[in-house]
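Student: Hi, could you walk me through this structure?
Tutor: Happy to, here it is.

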Amino acid sequence: MSSKRKDIRDAIAALLLAPAIPKVVGVFANRIELFDKSELPGVAIYSSDENAVPRDTSNSRYIRSMNLVVEVIAQANSGLDDDLDEISDAIEERILGNQELGGLAVGIAYLSTEIVLEGESVQAAVGAARINFEIKYIK
């Protein structure tokens with residue numbers, strides 16, 4: 001049996017793949033997958049932290065709040081900011097339009113977006129937009 005967090009990450013990946021987000025080449029439900037330049041712009045989906053409160057007095061089930069990061073990675077070029085904005089907007093709309101993820105979640109909220117430029121040199125640089133969502137689920 002897989003974890004509920006994995007099921008949620010997989011559901012988000014499936015949501016972003018069908019139909020495909022314009023300009024996105026690869027979608028991965030983890031942060032370890034290495035992107036080749038041919039797979040950019042790409043999306044990595046991972047959880048960063050989680051907290052929980054008891055659902056009732058029995059303390060046997062919890063309402064959990066998972067911080068899910070959807071990271072868009074794109075090759076640095078003159079259209080980088082426009083591409084990151086366009087892809088991020090499409091991702092936010094898709095995820096926020098599917099609040100229950102087929103019964104896996106009880107609600108999804110947008111938290112923030114961090115946009116950064118990373119790399120050793122301009123030629124090797126990539127831009128990233130890290131979109132943070134709070135996903136509530138019961139376990």
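Tutor: Let's go through the sheet, the helices and the rings.

Tutor: This is a predicted model, where local features need pLDDT of at least 70, side-chain atom pairs count only at pLDDT 80 or more, and totals for chains, interfaces and linings use all residues. Residues are numbered from 1 along each chain as its sequence is written, and side-chain values use heavy atoms, with hydrogens and water left out.

Student: Okay, what order do the strands of the sheet have?

Tutor: The order is β1-β2-β3-β5-β4, in an open sheet of five strands with mixed pairing. Strands are DSSP runs of E with at least two residues, helices are runs of H or I with at least four, and both are numbered from the N terminus. Two strands pair if DSSP finds at least two bridges between them.

Student: And which strands stand at the edges?

Tutor: β1 (26-28) and β4 do; each has a single partner strand, so one side of each is left without a neighbour in the sheet.

Student: How many bridges join β4 to β5?

Tutor: There are 11, and the two strands run antiparallel. As one example, I108 has I135 in β5 as its bridge partner.

Student: Switching to helices, which strands does α2 touch?

Tutor: α2 packs on the sheet and touches β2, β3, β4 and β5 (contact means heavy atoms within 4.5 Å). Its direction makes about 10 degrees with that of β5; axes are lines fitted to C-alpha atoms, for helices over the stretch in contact, and angles run from 0 to 180 degrees between N-to-C directions.

Student: Which α2 residues are buried?

Tutor: L80, D83, L84, I87, S88, I91, E92, R94 and I95 are. Buried means under 20% relative accessible area, exposed over 50% and partly exposed in between, using a 1.4 Å probe and protein chains only.

Student: Why are they on the same side of α2?

Tutor: They cover an arc of only 165 degrees around the axis, which puts them on the same side; the arc is that of the directions from the helix axis to the C-beta atoms. The face turned away from the buried side carries the exposed D82 and E93.

Student: New topic: how many aromatic pairs does a search of the whole structure find?

Tutor: One. Y110 and F133 have ring centres 6.2 Å apart and planes at 75 degrees, so the pair is edge-to-face. Rings of Phe, Tyr and Trp (its six-membered ring) pair if their centres lie within 6.5 Å; planes under 30 degrees apart count as stacked, over 60 as edge-to-face and the rest as tilted.

Student: Is F133 buried or exposed?

Tutor: F133 is buried, at 0% relative accessibility, while Y110 is partly exposed at 35%.
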